[in-house]
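Keep the coordinates open while reading.

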Amino acid sequence: MEDLAYKLVKVTEAAALAAYKLAGLGNEKKADQVAVDAMRTVLNSMEINGTIVIGEGERDEAPMLYIGEKVGTGSGPEIDIAVDPLEGTTICAHYKQGAMSVLAATKKGNFLHAPDVYMEKIAVGKNLPEGVVSLKNRIEKNLDNLAKAKGCKASDLIVTVLKRERHDELIAKIRKLGAKVKLIDDGDVAAIVSLINGNHDMYIGTGGAPEGVLAAAALSSIGGQIEGRLIFDTDQLKERAKNLNITDPEKIYTVKDMARSESVFIATGVTNGEFVDGVKFGQDICLTNSLIILPGKVIKIQTKSIS
């Protein structure tokens with residue numbers, strides 16, 4: 001898997017470089033499109049028999065590497081691939097911190113085939129008791145359990161939440177309980193995966209289901225925890241759940257349900273973030289910064305190329 005990871009980093013590097021050229025220009029869809037095109041081109045040049053099982057764009061009609069798309073030359077290892085060619089399209093368009101290109105891969109059949117719907121999520125980092133937080137619990141219990149496990153007070157905890165109107169009540173509760181709330185505009189994959197750095201203590205809230213599986217691929221390798229519940233809250237979505245053979249729409253998926261076996265997670269920065277640095281251009285030189293997360297390993301890679 002490690003050899004494959006070093007080859008796949010070329011995929012996220014290409015997408016990040018393409019997106020960076022449109023950073024700050026205000027065109028989200030164009031930035032996403034060039035990232036998708038660059039990612040697809042490099043994937044199709046590789047000696048893999050790959051299938052996209054987590055794609056992007058279905059929900060917001062963005063350009064996408066679609067679910068079920070075959071990539072690679074058709075020879076080589078048979079792998080399932082989860083992608084977000086430009087995680088944080090708005091971040092990139094406005095040149096804010098934390099845009100990146102993301103990919104995860106595993107042997108065939110090991111990722112949850114999450115539809116492009118919303119997912120309620122809760123996640124924590126490594127070295128914590130299994131089940132220390134859960135979607136089954138009220139926020140009060142989760143904060144209390146986490147504080148006890150970390151040997152601190154609830155007021156010492158930092159909880160990351162996407163800044164959305166749907167989270168207003170949750171944010172108010174967390175603050176009332178004394179914990180600090182770190183609000184992010186976009187980019188919940190980066191927010192969840194950065195739990196491994198210890199910059200915050202918990203992620204909670206509703207975001208995209210595909211992003212949940214991507215984050216699970218990273219957390220599963222380093223002993224982090226995530227739970228997710230798919231949201232089917234309209235008649236149309238309930239019908240869709242039936243069509244996808246999802247018999248229990250209230251099911252809570254654990255990290256082991258989302259990434260069932262050994263996987264690799266790769267992220268290349270587009271703009272600077274606390275998780276990975278962005279693209280940098282100098283005199284005729286371009287630098288990209290990437291992270292590879294494998295079971296028990298986090299590898300930093302910086303690649304120089306002629307600009």
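Helices (H or I, at least four residues) and strands (E, at least two) are DSSP runs, numbered from the N terminus. The model is predicted, so local features need pLDDT of at least 70, side-chain atom pairs count only at pLDDT 80 or more, and totals for chains, interfaces and linings use all residues. Residues are numbered from 1 along each chain as its sequence is written, and side-chain values use heavy atoms, with hydrogens and water left out.

Start with strand β14, which covers residues 297-306 and contains V298. Two further terms are needed here. Buried means under 20% relative accessible area, exposed means over 50%, and partly exposed is in between (1.4 Å probe, protein chains only). A contact means heavy atoms within 4.5 Å. V298 has 43% relative accessibility and therefore counts as partly exposed. With neighbours within four places in sequence set aside, V298 is in contact with I196, I222, L291, I292 and I293. Of these, I222 is 76 residues away from V298 in sequence, while their C-alpha atoms are 8.3 Å apart.

Next comes strand β3. Two strands pair if DSSP finds at least two bridges between them. Strand β1 (residues 49-54) runs parallel to β3 and is joined to it by 5 bridges; within this pairing, N49 has E78 as its bridge partner in β3. Strand β4 (residues 100-107) runs antiparallel to β3, with 7 bridges between them, and M100 in β4 stands opposite E87. Of the 10 residues of β3, 9 are buried, so the strand is largely enclosed by the rest of the structure.

Which residues does UniProt list for "binding site"? One set, from an unreviewed entry, consists of D84, E87 and E211. These residues span 128 residues in sequence, yet no two of their C-alpha atoms are more than 8.7 Å apart, so they gather at one spot. UniProt positions are given in the numbering used here, feature names are shortened, and annotations may be inferred rather than shown by experiment. D84 belongs to strand β3 (residues 78-87) and, at 6% relative accessibility, is buried. E211 is placed in helix α7 (residues 209-222); its relative accessibility of 16% also makes it buried. Beyond four places in sequence, E211 touches D84, E87, K121, D188 and V189.

A further UniProt "binding site" annotation, again from an unreviewed entry, covers E87, G88, T89, Y118, R164, E165, R166, D186, G187, D188 and G208.

D188 lies in helix α6 (residues 188-193) and is buried, with a relative accessible area of 6%. Apart from neighbours within four places in sequence, D188 is in contact with E87, K121, L162, Y203, G207, G208 and E211. The side chains of D188 and Y203 also make a polar contact at 3.4 Å. Such a contact is a pair of N or O atoms within 3.5 Å; within protein, one must be able to donate a hydrogen and the other to accept it, and residues adjacent in sequence count only if both atoms are side-chain atoms.

T89 sits in helix α3 (residues 89-93). Its relative accessible area is 21%, so T89 counts as partly exposed. Leaving out neighbours within four places in sequence, T89 is in contact with E28 and D32.

R166 occupies the loop between β6 (158-162) and α5 (168-176) and is partly exposed at 43% relative accessibility. Not counting residues up to four places away in sequence, R166 touches Y118, T206 and G207. R166 also lies over the face of Y118, at 5.2 Å from the ring centre. A charge sits over a ring if NZ of Lys or CZ of Arg is within 6 Å of the ring centre and within 35 degrees of the ring normal. The charged end of K251 is likewise placed over the ring of Y253, at 5.3 Å from its centre.

S194 is buried, with a relative accessible area of 2%. Among its contacts beyond four places in sequence are N199, H200, E274 and F275.

Finally, the structure holds 3 aromatic pairs. Rings of Phe, Tyr and Trp (its six-membered ring) pair if their centres lie within 6.5 Å; planes under 30 degrees apart count as stacked, over 60 as edge-to-face and the rest as tilted. Y20, Y95 and F281 are linked into a cluster by ring pairs.
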